[in-house]
Each structure stands twice: as structure tokens, then as C-alpha cells.
Amino acid sequence: MNHMCIRSIVILFCICYANNILAQTTIINSQKFDKKAGASLTYNNKILKIKWPAGNNDYGQVELDMEKGKPLFSRILLGKEKSAKIISSDLDPSFLLTIGKRDLISQNGWNIFFDKVPEKPFTTYEVKLEKSSAAVETVGSRTVVKIASLKADRFSGDLEITFYNGSPLFNVAAVMATDIDSSAIVYDAGLVSRSTAWERISWIDTDDSLQTTPMIATDTAKNIAVKYRSIAAKGKQGTLALFPAPHQYFYPLDEAFNLKFTWHGNNYRKMVDGYGIGIRQDLQGDKRFVPWFNAPPGTSQRLNFFCLLSTEEEHNAFTAVKKFTHNDAYVSLPGYKTMSSHFHNEFIMNVVLANKPIPEIPDFVKVFKKTGIDIVHLAEFHYTAHPTGPDEQRLKELHALHEQCERLSDDQLLLLPGEEPNEFFGGHWLSFFPKPVYWIMSRGEGVPFTENHPSYGKIYHIGDKKDMLKLLEEEQGLAWTAHARTKGSVKHPDAYKNEDFFLSDHFMGAAWKPMPADLSEPRLGKRVLDLMDDMNNWGLKKKVISEADLFTITPENEMYAHLNVNYLMLDSLPKFTDGWKPVLNSMQKGRFFTSTGEVLMPALTINGKRSGETLQLDNSGYAAVKLELSWTFPMHFVEVISGDGNSVYRERIDLTKTQAFGSQLLEFKANLRDRKWVRIEAWDIAANGAFSQSFYIAK
């Protein structure tokens, strides 16, 4: 063999060897990491270490093993800088992605609710992590590690792990997208060990009691019904609690049943290798309409969960978790009362008029009080009663409703009669009067609009939309579109936006609920937030309250995930016997903000005006915004949304420097030149949020 041939072979060998070494080497990109932001990173022997200030002079530390075949979370620690305790070790994140088919044809595209995805073909895939490269980036007070790459059938993306300065909290997310249309998804997730990583597993049961069980590595995985959506694993030196985003993780259903949203054990769903803890979704939901999550083509779906570290026992770890949702309750604010609407509890038809024993304090009343709701607007008689008569039967049902609402109202809870009549106007809508009103949804030929009844006094006969508007005017009532642009209101309020009843001040507007669900959105309920902007650009001063739209209300249900409230500007709670006109006034005038509970707007003015009012601009076109915010999860952003009658404009204020459990007075100038209206939204890292009603701008 000549020298030239030998040389060529040596060169070829060197090239192949170098390529092989490069193929085994994980590339770590830290160009966007800011050493001055509080966290630190090192990378040695394929271990990427992230250390961040976790509050109380503690540091959290996660060691990520970038070697293929090794558990990603080599060690997870918490404590003082030189004496941190090992909370867990040798764990892998695990994601199961279930992909089904969205019906985009029969109703209203991606806004559909009346879809039954699990009745159509679907498949569950394990999400596979490649560990080919990683990038570390500083975003405000957060450190984000992106690890490439993830794959599950038609979905692909990266793993993102986000650490939050000031808290022993981090988020693990499979951020994935597809180009395939009509995809509907759900996901299960957790942390999995292939060794004995923990001593015991714990959770809080639906009776609000702490439960623990020893970790036995061979125990078959179990699904557990819990409160606070959390499950925890205790090691020798601390506790790791795992939980989802409290509202975003739960796709909309008619019922808030507790469907065992956590799991622990070995070989979960016969797909996960090892013993783990995690969160899960029931594919069949409440067995009514089950739409899952939207996954439009090209959208980055965040399949994510949170981890909270503690060096203490499980009880203290759960106490720390519960703080993020104020123990699943709505906190009181001076000058405000909390109000929630649209509950089809059917207590009257199912209990009172069914001649069943009437409890002194029904479970649903206990739930409302424990959740911190001051005012409840019901939506009784949802296709269960006799709205069109016979007259005496209808009046009997209304009387029972009024009687029970009065009996169950006290100085803590104002329980108010309301219905979802779905007559006369089109689509679905709710009615609300400031006192008990007797009305029948039919009016035969020759029957008067009003008459006096010997037992019930003044009663109304309603025959059409003109009668209905007249009733609202005479009794100073309100109506609004329920679940606008979806469910039974697919074409509403758009279809009647020019009708007299809709143009009336007594037709307040619409109601907001996070429906449909889309894990790529940084906010909830885009469907109705967009409608708010449309109604404003139509030149109408409409309002949007939040709605729950739930049927069964029981203590064991997962109520908080599906709830939301309106913080009405009220100094005191009206007495039932005095009427509740102040409640309707606050709603009609837009003097409230809506919240999922974690983000609050105790004070908001623009040029000194409150929501629902009209403000003046000076020649600059800028307005002074003063917004007092408080939050639990770290904030993401505030957005100023405005319009000129045609277009919608958005100005985002970045809040990624905030830490957990904070408050701040934001003062800034907003450009509102040539605008006709403006409103404010605020959202945190878990897509929890709050939004104001609109402000109007004088010409």
C-alpha cells in the first residue's frame, strides 16, 4: 500500500471519528443567558446545572444530564447555597399526547363545543426526547432551558424548563406543534423514576384530608381524585409537589366532576416505563360533549406542569401549593363583592318540587361560601320546568325558586334567581331581575301583557321579543348572550346585533368563559374577549360578565378549575328582601373586573375615570393609566386593547421581571389617539388572568 493511500485512510478515519464525537456531544447555547439576572449555570461532564434564588435566602438547583439514555433530572436540590438538600434524583419528564379529530365543519370551526372527540378514532403517543442540543435564555427574572427535540406522531417541538427567581417553582413543558389540520388533543404528564427515588406519595383527598402511601416501585399506577389538583413525592430530605395550571389544564365541560386528575405508580397507562407521579385527563370527560383542546396547525401547544420544591414535610408543601390559588377561593377586596353566574343546579325541580327532603343548607350553598363567592346568579329551569305554562305550574316553580333563594341568602351569600330562557331573542341568553318577578313565556290571543294574580301579585305574559324587551324595561332587568358564538349561540349576538332589544341598555352584552381551550394561547377565553372588541367597534357600550355554565355543584367536584368571578364595585352586600338593584347597576355600568382568582385589579383608572365611564384625551392623544395589580403566580404581561371603530390595537407591557406573590402599581401612558374605546387585560405564567370592562373615549 503506498503512502498516499495510507494517508487517505488515516484522514478518513479521523473525519469519521470526529463526526462520531460531535454526534455524541450535546451543543449548549448560552448566548442569551444573563449572568447578572440572579441565576447561574455551569456545564461539565454533560451535566447542565441551573441554580436560581428561590426565596427565603434559599437556592433551587437542577442538574440536567444531557447524556442520552440517562435520566434528565439527575438531581433536584433546595436550600442554602452551601448546604442544599436533595429533593429528588434520577427523574425523567414524561408526556403522553392523545390526538383526536376536531369537527370544524358542522358548527363554527375552532369555537365548537358540541363535539364528542373520544367517540371518534384517537391514538395516544409517548412523547420522545432526543437531547440533541440545549439553549439557556434569561427572560426577565426567569431562566428558560430549551432542549431539542421532542416527537410524538405528527407533533414535534422542544422541551422547555422554566425556573422562577424568588420561588422554589419551576415549569416543565413539552412545546409542540403540528401542520395537520383538525387536531384535538389532551395530555397526561409527570415525573418518572426507574429507581427508588422517594419514600412515600401524598395528596389531599376530596374531604380535604392529607393522605399518604409508601412508594412501592412495583405498584401498578392508580388514578387519584384529589383537591387542589396536586400530588407530591417525599424523599429523605424534602418534598416535590406537582400540579397543573389551575384553570388552563381543564378543557370545558358541562360538569365539574372530579375525574381523578392525578396519578402515581408504575407503568402508567401501560406506556410509561418506571414509577411516577403526575397529572392526567379523563378522555371521556363528563360523557356529554367532550371537545378536548384545540391544536390548530402551526400553533405551539404547551403541554406543561409545575413543580414546587420544599425541604419540609408534605403538609407544608401542600400549604405552599394552595397559596397559588388562595386555597381555591376568591379573596375579598375592599369596595368589591364577588359575583358568579350561570349555574344549572336545578335544586327546585330536582329536590323542592320533587318532594325530596330539603336540606337546611344544601351542598351547593356550602361550596359557594367556601369558595368565597358573595353573589350567585342562578340559571334554573334549563329545559326541566314549564316556561310556557300551564300558568299555575310555571308560577308555582317561580315561587319555589324565589322562596328558596330568600331562605338561603344571608349576610355571607346572596343567592339570586335567574334563568336561561332561550325564548324570543334567538340563541341562548340569561335573564336577571332586581327583585322576584313572575312571568310566563307565552301569551295567547286576547291575553293581557300584565295581570294581578291573587297569590303572586303582578304577573307578565310574554309572547315575543317586543314583549320581552318591555318586561326588561318595566322591571329594570338585564339580559345577555350566554356562551356567545358557541354552543347554542353559534350565530349570536352577531345575528341580532341591529335588533332593538340588543341595542337597548337592558341587553347588557355577553358572558365570558374559557371556551374553547387552546394550550398555545397565553390567555383564556379569546372567543369572548374578541367579541368584546367587536361590540366596542360596533359602537355599542356593551359589557361582558363571566359565567361558569355548570350543572352539578358538590364539595367533591373540581369546582375551582371551572370557576371564575366578577369583582363588582359594591361596598356592601344587599339584603334579599330589599332587592338587589345595586348588583345590576354595577353590571350595567361596567363597574367591575373579571378574574380567575389568581390575578386581581384592585384599582384601575385611565385619565382618572373608571371602567364604564367616558374619558377625555388632550392634544397628545396619550392617556394616563394607573393600574394596581396583585398576583400569586409570576406575571406574564398586561395588555392595553383599544379600537377606532374598525381596527383593534394592542400594546403589551412586559412583566417577566415579576416574581411570585407580588403587587405593583403600574403607571404608564397609553397612546389612544383616534381611538373610541380601551380596556385592560393582565395574565400570568399559567394563563390565569383578569380583565377590565371597557372605557369610552370622547370625540
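Student: What volume does the largest pocket have?

Tutor: About 550 Å³. A pocket here is an open set of points on a 1 Å grid over the protein atoms alone, with protein on both sides within 12 Å along at least five of seven lines. Grid points are joined across faces, edges and corners, and the volume is the space filled by probe spheres set on them. Keep in mind that this is a predicted model: local features need pLDDT of at least 70 and side-chain atom pairs pLDDT 80 or more, while totals for chains, interfaces and linings use all residues. Residues are numbered from 1 along each chain as its sequence is written, and side-chain values use heavy atoms, leaving out hydrogens and water.

Student: Which residues are closest to the centre of the largest pocket?

Tutor: Lining residues have an atom within 4 Å of a point. There are 24 of them, and Glu160, Thr162, Arg302, His636 and Ile685 are the closest to the centre. Strands S8, S9, S10, S11 and S21 each give two or more residues to the lining; strands (E, at least two residues) and helices (H or I, at least four) are DSSP runs, numbered from the N terminus.

Student: How do I read the open sheet of 4 strands?

Tutor: Start with pairing: two strands pair if DSSP finds at least two bridges between them. The order here is S25-S29-S30-S31, with mixed pairing. S25 (429-432) and S31 (543-546) each have a single partner strand, so one side of each lacks a neighbour in the sheet. From one strand to the next, the twist averages 35 degrees; axes are lines fitted to C-alpha atoms, for helices over the stretch in contact, and angles run from 0 to 180 degrees between N-to-C directions.

Student: What joins S25 to S29?

Tutor: 4 bridges, and the two strands run antiparallel. Leu430, for one, has Trp480 in S29 as its bridge partner.

Student: Which helix packs on that sheet?

Tutor: H10, which touches S25, S29, S30 (507-512) and S31. Contact means heavy atoms within 4.5 Å. The direction of H10 makes about 45 degrees with that of S29.

Student: Which residues of H10 are buried?

Tutor: The general idea: an α-helix has 3.6 residues a turn, so residues three or four places apart point the same way. In H10 (581-588), Val583, Leu584, Ser586 and Met587 are buried, meaning under 20% relative accessible area with a 1.4 Å probe, protein chains only. These four lie on the same side of H10, because they cover an arc of only 160 degrees around the axis, taken from the directions from the helix axis to the C-beta atoms. After H10 comes Gly590, with a positive phi near 75 degrees.

Conventions. Buried < 20%, exposed > 50% of the residue type's maximum accessible area, 1.4 Å probe, protein only. 1 Å grid on protein atoms, 1.4 Å probe; cavity = no way out; pocket = protein on both sides within 12 Å on 5 of 7 lines; lining within 4 Å.
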